[in-house]
Amino acid sequence: MLDNHASRYGDAVLAAAEGACPALGIRLFTEEPATSGFLQALDQYNSKFHRDYNKAKEAFKQAYKARNGNRPAHIGLKEFLSILGGDASLGLPGVWFSCRHSASYGGRMR
């Protein structure tokens, strides 16, 4: 689902979507351009998720530093999954996959 912002519809994007989407069983769905924010559901959801993820990433870095004496050099796949799913060794509940905590996205869905 995309809004109709011009950046989503460059020639290269449309050419790639034309060939790849049908082969993957994906159909592009768009919202009207310049609609109010409450109509752009993915923007609202993604915005909240990014804010929550960034807070959790900072908490992960601080907990990592407290345990190891330095902040992680980079956030790779392992660290990314620890932020989303939680890391018991660091005492972090996770943003997405932690069903133990009702504040997580997964916890809200149970």
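What follows is a short chat about a predicted model of one chain.

Trainee: What pLDDT does the chain average?
Mentor: The average is 75, and 63% of the residues score at least 70.

Trainee: Which helices have the lowest and the highest mean pLDDT?
Mentor: Helix H4, residues 105–109, is lowest among the elements with a mean of 47. Helix H3, residues 77–85, is highest at 89.

Trainee: And where does pLDDT stay under 50?
Mentor: Over residues 106–110. Where pLDDT is low, the predicted coordinates should not be read in detail.

Trainee: New topic. Which residues make up the largest nonpolar core?
Mentor: There are 10 of them, including Phe49, Tyr53, Phe60, Ile83 and Leu92. Helices H2 and H3 each supply at least two core residues, and H2 gives the largest share, five.

Trainee: What is phenylalanine 60 in contact with, leaving aside its neighbours within four places in sequence?
Mentor: Its contacts include Pro72, Ile75, Glu79, Ile83, Leu90 and Leu92.

Trainee: How many salt bridges does a search of the whole structure find?
Mentor: Two. In one, lysine 48 pairs with aspartate 52, with the closest N and O atoms 2.8 Å apart. Both residues sit in helix H2, four residues apart.

Trainee: Is aspartate 52 buried or exposed?
Mentor: Aspartate 52 is buried, at 18% relative accessible area. Lysine 48 is partly exposed, at 32%.

Trainee: What about the salt bridge of arginine 71?
Mentor: Arginine 71 pairs with glutamate 58, the closest N and O atoms being 3.1 Å apart. Arginine 71 is in the loop between H2 and H3 and glutamate 58 is in H2, so the pair ties together parts 13 residues apart in sequence.

Key: Residues are numbered from 1 along each chain as its sequence is written. This is a predicted model: local features need pLDDT of at least 70, side-chain atom pairs count only at pLDDT 80 or more; totals for chains, interfaces and linings use all residues. Side-chain values use heavy atoms; hydrogens and water are left out. pLDDT is the predictor's confidence in each residue, from 0 to 100. Contact means heavy atoms within 4.5 Å. A nonpolar core is a set of buried Ala, Val, Leu, Ile, Met, Phe, Trp, Tyr and Cys residues joined through side-chain atoms within 4.5 Å. Buried means under 20% relative accessible area, exposed over 50%, partly exposed in between (1.4 Å probe, protein chains only). A salt bridge is a side-chain nitrogen of Lys or Arg within 4 Å of a carboxyl oxygen of Asp or Glu.
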